[in-house]
Amino acid sequence: MNRTHLLFELDALLNASSFKDYCPNGLQVEGVDSINKIAIAVTASLAVIEAAANWGADALLVHHGYFWKGEAAPLTGMKFERVAHLIRHNINLIAYHLPLDAHPTLGNNAQLGQKLGFTAQGQLLSQDLVWHGLSDCRTLGELAGRVESVLGRTPTLIGAPDALVGKIGWCTGAAQGFITDAAAFGLNTYLSGEVSERTFHEANELGVHYLACGHHATERYGVQALAAHISAQFNLECRFFDENNPI
Ligand SMILES: [Zn+2]
């Protein structure tokens, strides 16, 4: 498939131009013109680039690419090594950040809710990246067990395991700060990927149970759903390269 055509389709599908983001969305590093094999990953780390190159990928499609707002611009050190590897192997780097979090069916939040068996009811008015709904888990301990069995890692739980789960909110990645939005919306339980020292106090004082389920672990599903969608539509070969990132 021609690269320009693929990028046009991805941008349209994810409505990429409508987002104000901290990084460029779409093509970040140019590689070969014709794309048939796409490696999929959460983050374009050096290990993932090496695995993609060994597999013979024409493109690497990720959630976390490069060129973040505020980072040092020079292509030196670690950043140079990553980009140099991509260029040496003629691999296109394609990244979608917020558009991939937000997509109503393929996005990270939609996919995480589905995996954890939540019934989605909508998004918060103050922060539309946070979804809210209901869980069939009765207690916080049950919900933590669900997270562990689905995501394959033990969540950090702030709250008593026998506490009842009421209205629940979730947002993948490093969205622990939105716990205040969750509280203002009247949710009693909130899930995200990461956790900060202050989150413990915020959860206790706001009266919201909190589960930190892993940034990487919660953001594995959007990019895979996107890949499954485009591989079926355009007959592309996609392979997901997971990493054992405990954060
Ligand atoms: Zn993220």
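Modeller: Before we look at the metal site, note that donors are N, O and S atoms within 2.8 Å of the metal (3.2 Å for Na, K and Ca), and that water is not among the atoms, so sites may look incomplete. This is a predicted model, in which local features need pLDDT of at least 70 and side-chain atom pairs count only at pLDDT 80 or more, while totals for chains, interfaces and linings use all residues. Residues are numbered from 1 along each chain as its sequence is written, and side-chain values use heavy atoms, with hydrogens and water left out.

Colleague: Which residues are the protein donors of the zinc ion, and how are the donor residues spaced in sequence?

Modeller: The zinc ion has as its protein donors His 64 through NE2, His 215 through NE2 and Glu 219 through OE, lying 2.1 Å from it. Written as a pattern along the sequence, the spacing of these donor residues is H-x150-H-x3-E.

Colleague: Are His 215 and Glu 219 buried or exposed?

Modeller: The scale calls a residue buried under 20% relative accessible area, exposed over 50%, and partly exposed in between (1.4 Å probe, protein chains only). On that scale His 215 is buried at 15% relative accessibility, and Glu 219 is buried at 2%.

Colleague: How should I read a salt bridge, and how many salt bridges are there?

Modeller: In general, side chains of opposite charge can pair when their charged atoms come close. The rule used here asks for a side-chain nitrogen of Lys or Arg within 4 Å of a carboxyl oxygen of Asp or Glu, and by this rule the count is six salt bridges. One of them joins the side chains of Glu 30 and Arg 3, at 3.7 Å from N to O. Because Glu 30 lies in the loop between strand 1 (26-29) and strand 2 (37-43), and Arg 3 in helix 1 (residues 3-14), this pair ties together parts that are 27 residues apart in sequence. Helices (H or I, at least four residues) and strands (E, at least two) are DSSP runs, numbered from the N terminus. Glu 30 is exposed at 54% relative accessibility, whereas Arg 3 is buried at 10%, and a network of salt bridges links Arg 3, Glu 30 and Asp 33.

Colleague: What is the closest N and O distance in the salt bridge of Asp 242 with Arg 220?

Modeller: In that salt bridge the closest N and O atoms of Asp 242 and Arg 220 are 3.5 Å apart. The pair links distant parts of the chain, with Asp 242 in the segment after strand 11 (237-240) and Arg 220 in the loop between helix 9 (215-218) and helix 10 (221-234), 22 residues apart. Asp 242 is partly exposed at 41%, while Arg 220 is buried at 8%.

Colleague: How many disulfides does a search of the whole structure find?

Modeller: A disulfide is a pair of cysteine sulfur atoms within 2.5 Å, and the search finds zero of them. For Cys 137, the closest cysteine sulfur, in Cys 213, is 11 Å away, too far for a bond.

Colleague: In what order do the strands of the open sheet run?

Modeller: Strands of a sheet pair through backbone hydrogen bonds, either parallel or antiparallel, and two strands count as paired if DSSP finds at least two bridges between them. The open sheet has five strands in the order 1-4-3-2-11, with mixed pairing. Strand 1 and strand 11 stand at the edges with a single partner strand each, so one side of each is left without a neighbour in the sheet. Strand 1 pairs with strand 4 (residues 92-95) in the antiparallel sense over three bridges, and Gly 26 stands opposite Ala 95 in strand 4.
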